[in-house]
Amino acid sequence: MKTALDFSEIDAGMLAEAGGKAANLGELTRAGLPVPPGWVLTTDAYRQVAQGLRVEGEAGGDGLAERARRHLMEAPVPDAVREEIVKAYEALGHDVPVAVRSSATAEDLPFASFAGQQDTFLNVVGTREVLLAVRRCWASLWTDRAVAYRESNGIDHAAVRLAVVVQVMVDARVAGVMFTANPVTGRRRESVIDASPGLGEAVVSGAVNPDRFRVHDGRILERHAGDKRLAIRPLPGGGTERVETGGQGLCLTDDEVRELAGLGARVEAHYGAPQDTEWAIDHDGTLWLTQARPITTLYPLPEPTRPGLRVYFSVNVVQGVMGPLTPMGQSAFRVISAGGAGLAGHRPADPLGGAGFVTVSGERLWLDLTTAVRSRPGRAILPRMLTLGEARAVSVVEGLFEDPRLAPAHTSLRPFLRGFVRFAGNLRLPSRVLTALTRPDRAVAATVRTGELLDARLRVPASATPEQRLDHAERVLAGTFPLIISIMPNVITGYALFALASRLSGVPVPEMSDVLRSLPHNPTTEMDLALWELATRIEPEPFRELSVPELVARYRAGVLPPVAQREITAFLDEYGHRGIAEIDLGVPRWSEEPGHILGVLANYLRLDQGLSPSEQFADGVGQARATIAHVAARARLRGRWRAAVVRFGLGRTRRYAGLRELPKFYLVKTLAAVRRSLLVVGEHLVGLGVLDAAGDVFFLDLRETRAALAGGDLRELVAGRRATYERERRRRHVPRVLLSDGTEPEALQEPAADGALTGTAASPGTVTGVARVVLDPIGAHLEPGEILVCPSTDPGWTPLFLTAGGLVMEMGGAMSHGAVVAREYGIPAVVGVPGATQRITSGQEITVNGAAGTVTISEKS
């Protein structure tokens with residue numbers, strides 16, 4: 001391969017050899033887009049210079065970056081490479097000013113844009129200076145920031161190469177950056193342009209407050225003049241200088257803004273994805289593109305199933321599972337959704353395809369709420385439902401009601417009433433509510449029978465064939481929602497009576513929250529208490545002395561002390577179907593990977609025993625009774641009958657509110673049982689040579705798994721999906737609400753005042769303590785009294801609650817999982833706090849006011 005190539009010689013297939021930026025410029029040149037003339041020094045030149053540099057298996061913390069830079073700056077440049085550089089540069093003309101830019105093979109990937117990680121040198125003049133700039137570009141592959149960025153994105157240092165792009169400098173009158181989609185709100189086809197006089201480096205480096213423009217479909221939505229007090233201009237003979245300016249007015253005309261936006265649309269159409277571009281307009285008025293890379297921070301859009309603007313709500317966010325779901329996990333939820341839609345008379349023709357309101361994007365589940373947002377009954381009901389589970393979404397959704405594109409389209413109540421009547425009838429809602437009001441023991445017993453029926457349905461004969469196992473999986477998944485939702489009339493009755501008691505007594509709901517402490521029939525708190533009690537019965541020595549991997553090895557070998565071995569096994573027999581991110585049946589359960597549970601036990605056994613959770617639970621029961629008496633006394637002041645109704649209602653509330661966690665408990669038990677059965681199918685596919693490992697079956701869906709029984713080779717498909725899954729695991733941001741045009745409505749809301757951390761009051765009380773930010777509960781250690789700060793929680797997190805002094809969550813509402821459990825334990829909690837895990841750092845002293853919904857960071861922190 002030649003060392004130097006003209007842009008026009010580069011095609012997409014040479015990406016690995018020429019670097020992302022270089023290949024992009026080659027494509028743009030051939031597409032007829034205005035790119036300054038230039039050439040690229042391929043990665044073959046870098047390989048020759050980097051010979052002798054050993055980086056395999058090394059991390060950046062041992063001086064790797066500095067050693068690599070020194071090697072590249074000191075190693076001799078091979079004569080052939082030097083000759084190619086001189087020849088290519090001289091072919092541009094005599095002492096032509098050029099930009100010398102780095103272009104790494106790990107740059108501008110679909111999941112990570114390495115913008116600014118390597119160096120660029122502007123207005124380089126002369127052969128000697130070009131050679132030096134090229135060498136500095138090679139060395140910049142090993143800047144500390146580039147090494148750290150590669151490690152954070154899981155990219156092998158040894159696999160990375162760097163090409164050097166050399167472009168003729170544009171004598172820029174004005175230059176800057178243009179995104180072809182709004183990088184803040186996510187809105188597609190809305191160009192955002194930053195512009196400033198002189199070279200674009202002033203904008204890219206953040207050295208200037210540029211002019212800003214927003215353009216959508218040819219219409220300029222915003223013109224904002226920056227101060228533009230600084231311009232970077234080329235010097236005669238090479239180099240640049242910074243010049244203070246008194247920039248007044250806008251540096252682009254409306255026609256230039258529209259021309260830029262039109263060029264951006266052409267670049268986006270060429271690549272088929274929104275682009276981050278750099279551009280310049282010379283003194284003759286010619287517009288040039290100097291760079292294009294994908295915008296990697298935008299959340300991918302769901303495939304539209306219907307025309308018009310759609311509103312999507314994240315299932316993952318509301319469930320506290322910020323990571324992706326495996327393909328089989330997505331497939332399972334599609335079948336479950338089909339069963340749910342059937343209750344309202346809308347069962348899809350293809351249950352494996354799922355209900356029409358369920359879609360997938362970014363390997364996560366989304367619900368299409370457009371019909372609810374655009375109907376008057378939906379606008380009345382939806383905010384109330386969200387208040388219970390995901391309070392931060394309420395203001396977001398209510399803001400959508402003001403969007404004229406989402407104006408109510410359904411004026412008749414008949415479709416809504418027809419669907420509700422079908423749903424209520426299939427659920428036997430009236431009779432179940434009546435039983436909950438008049439026969440509480442019978443109502444609770446029915447939930448137990450539901451669990452027994454579920455256990456019977458989940459049994460699969462050991463002799464079942466793979467086809468029979470798939471039949472069984474589809475059958476039980478389709479029946480899951482109708483079965484577990486039968487518990488909810490009891491729960492709804494309990495919370496409705498809670499609200500009625502507040503109205504009759506005049507006591508605000510937040511002041512009654514102690515009624516919801518230490519509730520019976522909650523499987524999650526029962527699990528946590530059982531785990532704590534287990535810790536009091538087992539031998540402590542190995543747990544205080546050994547690491548978690550050593551404990552796991554001993555448990556699997558059956559050589560833990562006898563009591564510990566027996567008790568842990570009994571606990572996992574009862575609760576081993578649970579786990580972190582447990583709504584995804586593609587994720588291992590505690591019974592498969594007990595390390596988390598053993599680590600929690602080790603944490604418990606290292607603590608000084610104070611008031612035990614069982615004693616705290618009993619204390620909570622006492623406080624709940626006292627609160628009921630207080631509320632009834634307040635009601636009595638308004639009338640004797642009110643007091644009687646309040647006592648009756650709150651008594652029923654305590655009987656049923658804890659059942660809120662039971663449907664999910666049964667759902668996860670179903671998913672775990674299907675998972676065990678599918679692993680058997682996976683083993684069969686391994687035997688057929690279709691898969692490498694049984695667990696690979698979770699990177700297929702149910703339809704593909706059935707087809708795979710006929711044979712074939714799906715290992716390449718599985719490898720690709722694993723790579724996608726791992727890439728999505730690194731995604732740092734998932735919207736809670738997303739529009740089909742890419743807009744994240746939450747980004748349009750006014751930000752909170754500086755320093756104010758406010759959310760939703762979830763569990764009353766005030767506590768001051770040391771914050772512990774935890775992003776993953778596996779292996780997390782929480783000292784007694786520390787305040788847990790986390791994105792969200794599912795039941796896999798709750799063992800940490802037993803030692804927490806308070807709770808702060810970024811997600812959730814007053815009835816979300818974390819809020820419910822925090823109230824039961826009497827832990828002050830605030831949920832729905834935007835950016836809590838970024839704005840609070842471990843070790844800071846914070847005060848959580850669970851009644852006011854505020855979190856205050858101490859000034860001395």
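Predicted model: local features only at pLDDT ≥ 70, side-chain atom pairs only at ≥ 80, totals over all residues.
Student: Two strands pair if DSSP finds at least two bridges between them. With that in mind, what order do the strands take in the open sheet of six strands?

Tutor: The order is 9-8-7-6-12-13, and the pairing is antiparallel. Strand 9 (219–224) and strand 13 (287–294) are the edge strands; each has a single partner strand, so one side of each has no neighbour in the sheet. On average, neighbouring strands are turned by 20 degrees against each other, direction ignored.

Student: Which helix packs on that sheet?

Tutor: Helix 9 (residues 254–271), which touches strands 6, 7, 8, 9, 12 and 13. Touching means contact, i.e. heavy atoms within 4.5 Å. The direction of helix 9 makes about 40 degrees with that of strand 13.

Student: New topic: at what angle do helix 15 and helix 16 pack?

Tutor: About 55 degrees, with the axes 6 Å apart; axes are lines fitted to C-alpha atoms, for helices over the stretch in contact, and angles run from 0 to 180 degrees between N-to-C directions. Helix 15 and helix 16 are therefore oblique to each other (under 35 degrees is roughly parallel, over 145 roughly antiparallel, 65 to 115 roughly perpendicular, the rest oblique).

Student: And which residues meet there?

Tutor: Phe420, Ala424 and Leu427 from helix 15 meet Leu429, Pro430 and Arg432 from helix 16.

Student: Last one: is Gln844 buried or exposed?

Tutor: Gln844 counts as buried because its relative accessibility is 18% (buried is under 20%, exposed over 50%, partly exposed in between, with a 1.4 Å probe and protein chains only). Gln844 sits in the loop between helix 31 (836–839) and strand 24 (845–849). A polar atom of the Gln844 side chain lies 3.0 Å from the backbone nitrogen of Thr841.

Student: What does strand 24 pair with?

Tutor: Strand 20 (residues 766–773), in the antiparallel sense over five bridges. In strand 24, Glu845 is the bridge partner of Val770.

Technical notes
Residues numbered from 1 in each chain as written. Heavy atoms only, no water. Helix = DSSP H or I, 4+ residues; strand = E, 2+ residues; numbered from the N terminus. Polar contact = N/O pair within 3.5 Å; in protein donor to acceptor, adjacent residues only side chain to side chain.
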